[in-house]
Amino acid sequence: MTDFLLSHYGELRFLHIAAALASGAGFALRGAWMLVDSPRLGARWVRVVPHAVDTLLLASALALVFASGQSPGALPWLNAKIVALLAYIGCGLFALRRGRKAVRVLCFVLALACYAYIVTTARTRDPQGVLALLGL
């Protein structure tokens with residue numbers, strides 16, 4: 001199985017990146033709809049598609065870790081991504097649920113910041129994320 005995954009590492013990586021971009025874009029769109037109180041948030045596909053995309057994202061991440069033989073605990077940048085992912089999920093849950101609009105907007109902004117951190121951490125393979133890109 002590892003040989004199979006390793007032989008398709010490029011495809012797995014592409015799938016993971018595409019799923020990450022789709023997940024982030026979908027969250028941003030749902031957040032924008034939340035900001036304007038759009039009834040589109042109630043559509044069935046809006047509740048189903050993100051789960052499918054996020055499942056694909058998680059499965060491809062696990063396949064990449066397994067294929068490369070990496071141990072998440074041994075890589076600081078991967079640990080940082082996992083912690084930021086948990087923060088992103090938590091903030092995202094509060095952003096798209098019912099409640100006070102000010103709290104939801106704050107959680108939406110924090111979730112987008114977590115997403116940006118996750119992406120820059122993945123790109124740089126540095127737990128400093130965006131700060132590493134800026135050379136700080």
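Which residues does Arg-104 touch, not counting residues up to four places away in sequence? They are Met-34, Asp-37, Phe-94, Ala-95, Arg-97, Arg-98 and Gly-99. Touching here means contact, with heavy atoms within 4.5 Å.

This is a predicted model: local features need pLDDT of at least 70, side-chain atom pairs count only at pLDDT 80 or more, and totals for chains, interfaces and linings use all residues. Residues are numbered from 1 along each chain as its sequence is written, and side-chain values use heavy atoms, with hydrogens and water left out.

**Figure 1. Overview of the protein.**
The protein has 6 helices and 0 strands. From the N terminus on, the order is α-α-α-α-α-α. Helices (H or I, at least four residues) and strands (E, at least two) are DSSP runs, numbered from the N terminus. Along the principal axes, the C-alpha atoms fill a box of roughly 50 × 40 × 20 Å. Of the 136 residues, 28% are buried. Buried means under 20% relative accessible area, exposed over 50%, and partly exposed in between (1.4 Å probe, protein chains only). Among contacts with a separation of 6 or more, 65% join residues 24 or more positions apart. The accessible surface is about 8700 Å², and carbon and sulfur atoms account for 71% of that. Accessible areas come from the Shrake-Rupley method with a 1.4 Å probe; for residues, only the protein chains shown count as cover.

**Figure 2. Arg-104, a buried charge in helix H5.**
Arg-104 sits in helix H5, residues 101-124. Arg-104 is buried but has no salt bridge. A salt bridge needs a side-chain nitrogen of Lys or Arg within 4 Å of a carboxyl oxygen of Asp or Glu. The nearest side chain of opposite charge is Asp-37, 4.0 Å away. Lys and Arg count as positive, Asp and Glu as negative; His and the chain ends are not counted. Backbone oxygens are also within reach. The Arg-104 side chain comes to 3.3 Å from the backbone oxygen of Arg-97. A polar atom of that side chain also lies 3.3 Å from the backbone oxygen of Gly-99.

**Figure 3. The salt bridge between Asp-37 and Lys-101.**
The count of salt bridges comes to 1. The side chains of Asp-37 and Lys-101 form it, at 3.3 Å from N to O. Asp-37 lies in the loop between H2 and helix H3 (44-68) and Lys-101 in helix H5, so the pair ties together parts that are 64 residues apart in sequence. Asp-37 counts as exposed, at 54% relative accessibility. Lys-101 is partly exposed, at 30%.

**Figure 4. Ala-28 facing residues of another stretch of chain.**
Ala-28 belongs to helix H2, residues 9-35. Its relative accessible area is 30%, so Ala-28 is partly exposed. Ala-28 touches Phe-108 and Leu-112, leaving aside residues up to four places away in sequence. Ala-28 and Phe-108 are 80 residues apart along the chain, yet their C-alpha atoms are separated by 8.4 Å.

**Figure 5. A nonpolar surface patch.**
Ile-82, Leu-85, Leu-86, Ile-89 and Leu-93 make a nonpolar surface patch of about 430 Å². Patches are made of residues with over 30% relative accessible area and no salt bridge; like charges are joined within 9 Å, nonpolar side chains (Val, Leu, Ile, Met, Phe, Trp, Tyr) within 5 Å. Ile-82 lies in helix H4, residues 76-96. At 39% relative accessibility, Ile-82 counts as partly exposed.

Terms used:
Polar contact = N/O pair within 3.5 Å; in protein donor to acceptor, adjacent residues only side chain to side chain.
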